[in-house]
Amino acid sequence: LGEYDEIVKVLAKKSGKVSVSGCVDSQKLHMVFGTDRDYDVKLIVTYSDIRARELLEDCRLYCRESYFYPAKDLIFYQADVHGNQLVKERIEVQRRILEGNPVTIVTTFAALMAHQLPLSILEDNIVCIGRDSVIEERALARKLVAMGYEKNYQVEAPGQFSVRGGIFDIFDLTSENPVRIELWGDEIESIRTFDVLSQRSIEENMTQVSVYPAAELILSQSVLDAGFRRIEKDCKEQAKRFRERTMPEEAHRLETAVRDLTEQVTQFQSLVNLDSYINYFYEDTMSFLDLFRNRQCCVYLDEPLRIEEHARAVELEFRESMASRAEKGYILPRQMEVLFPVQEIMARLEKERILALSAMEFKGFGIKFANRFGINARNISSY
């Protein structure tokens, strides 16, 4: 069809934007993969995690390299009941992006709004171990702890490592099986993967293995120290403001929270609840959308109006919750700056090529679509 060719032609432009209405759910992924012209990254953005996981299952029929990038819970950081599963899914996506192979990513607009570290920091903290490497056990153990790994007597789950008599086991957070490195002094004798239950070898005589971080917030000692200096400075200034406003209870609450956080990190080496302090440790944060600046990327919007409605609800809930917490001394001021406004993400999307797919014609969305098409079961029409 001539209209189909026109859609593909518009999307071929660097920032081409096409809106297609009349698509039922079963047609949307046909349009996504039918208009594909060897884009490195296909980024499908939808309005909820449930919808995203449904799309992911269907995406894997078309592309095996399909992954879900879950949004961070920016309001209830400390109430995450998923363990490290969500972190694993996010780091796995970042790993696929770093590897540079074509990939399909399904996510929500809320995931684009969260502040995160540049890929360069993740890349700088990848540990590459080869047969000719020289390993100092204590130094490697300290490095793994800084990368978010937990030391156990025996590895049982992703994100753990163990050291026993010249045997170094590491269960990379993004791998299916752990790797065993056998040492002779500080030299490597063998590298192999093994089954975590039976302990039997799976792949032997490996020449190299790469271990990716097990945490999204990677903190060296120098970054940690600089961050806590900023936290303590902000705490003192905010507590002073509270006392000037005759709010001693709020000032005490804030000072206690910061003191407990400092003790948690320095005494127990626990970095679990530091995600909301990301702007204190790193100034150059970015959106997930910024990770594709140097890639051939096409963004697909599933029901744009529902996306915008959900995104604005997330932003409103976050702003109101954080403002209330800050007023009562539960958080520091810069903890309110971990979410990009909806309008800013819309502005960044303006620079991308976009295919918007919806069941009904829509108007009033934050991005303008000069090329609009309507489809039904029998034909495609331009309007």
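Both Phe362 and Phe369 are buried in this predicted model, and their rings form an edge-to-face aromatic pair, with 5.9 Å from centre to centre and 90° between the planes. The protein chain that holds them has 383 residues, of which 51% count as buried, and its secondary structure consists of twelve helices and 16 strands. The points below go from the chain as a whole to its aromatic rings, and then to individual residues in loops and in a helix.

**The chain as a whole**

- Along its principal axes, the C-alpha trace of the protein chain spans about 70 × 70 × 30 Å, and the accessible surface comes to about 19,300 Å², of which carbon and sulfur atoms contribute 48%.

**Aromatic pairs**

- A pair of aromatic rings is described by two quantities, namely the distance of the centres and the angle of the planes.
- With ring centres required to lie within 6.5 Å of each other, the count comes to nine aromatic pairs.
- The rings of Phe161 and Phe168 have centres 6.0 Å apart and planes at 15°, and the pair is therefore stacked, since planes under 30 degrees apart count as such; Phe161 and Phe168 are both buried.
- The pair of Phe362 and Phe369, with its angle of 90°, is edge-to-face, and the two residues are likewise buried.
- Ring pairs also link Tyr69, Phe288 and Phe292 into a cluster.

**Charges over rings**

- The charged end of Arg164 sits over the ring of Tyr153, at 5.8 Å from the centre of that ring.
- Arg348 lies over the face of Phe340, and here the distance to the ring centre is 4.5 Å.

**Exposed residues in loops**

- Asn205 is a residue other than glycine with a positive phi, near 55°, and it is found in the loop between strand S11 (201–203) and strand S12 (208–211). Its relative accessible area is 63%, so Asn205 counts as exposed, the cut-off being over 50%.
- Thr246 also has a positive phi near 55° without being glycine, and its place is in the loop between helix H8 (221–244) and helix H9 (248–268). Thr246 counts as exposed because its relative accessibility is 68%.
- Asp284 is found in the loop between helix H10 (278–281) and strand S13 (297–302), where it is exposed, with a relative accessible area of 64%. Between Asp284 and Asp40 there are 244 residues of separation in sequence, and their C-alpha atoms are 25 Å apart in space.

- Ala239 and Ala251 are twelve residues apart along the chain, while their C-alpha atoms are separated by 4.4 Å.
- When neighbours within four places in sequence are left aside, Ala239 is in contact with Ala251, Leu254 and Glu255.

How values were computed. Residues numbered from 1 in each chain as written. Predicted model: local features only at pLDDT ≥ 70, side-chain atom pairs only at ≥ 80, totals over all residues. Heavy atoms only, no water. Phe/Tyr/Trp six-rings, centres within 6.5 Å; stacked < 30°, edge-to-face > 60°. Buried < 20%, exposed > 50% of the residue type's maximum accessible area, 1.4 Å probe, protein only. Lys NZ or Arg CZ within 6 Å of the ring centre and 35° of its normal. Helix = DSSP H or I, 4+ residues; strand = E, 2+ residues; numbered from the N terminus. Areas by Shrake-Rupley, 256 points an atom, 1.4 Å probe, with all protein chains shown as cover. Contact = heavy atoms within 4.5 Å.
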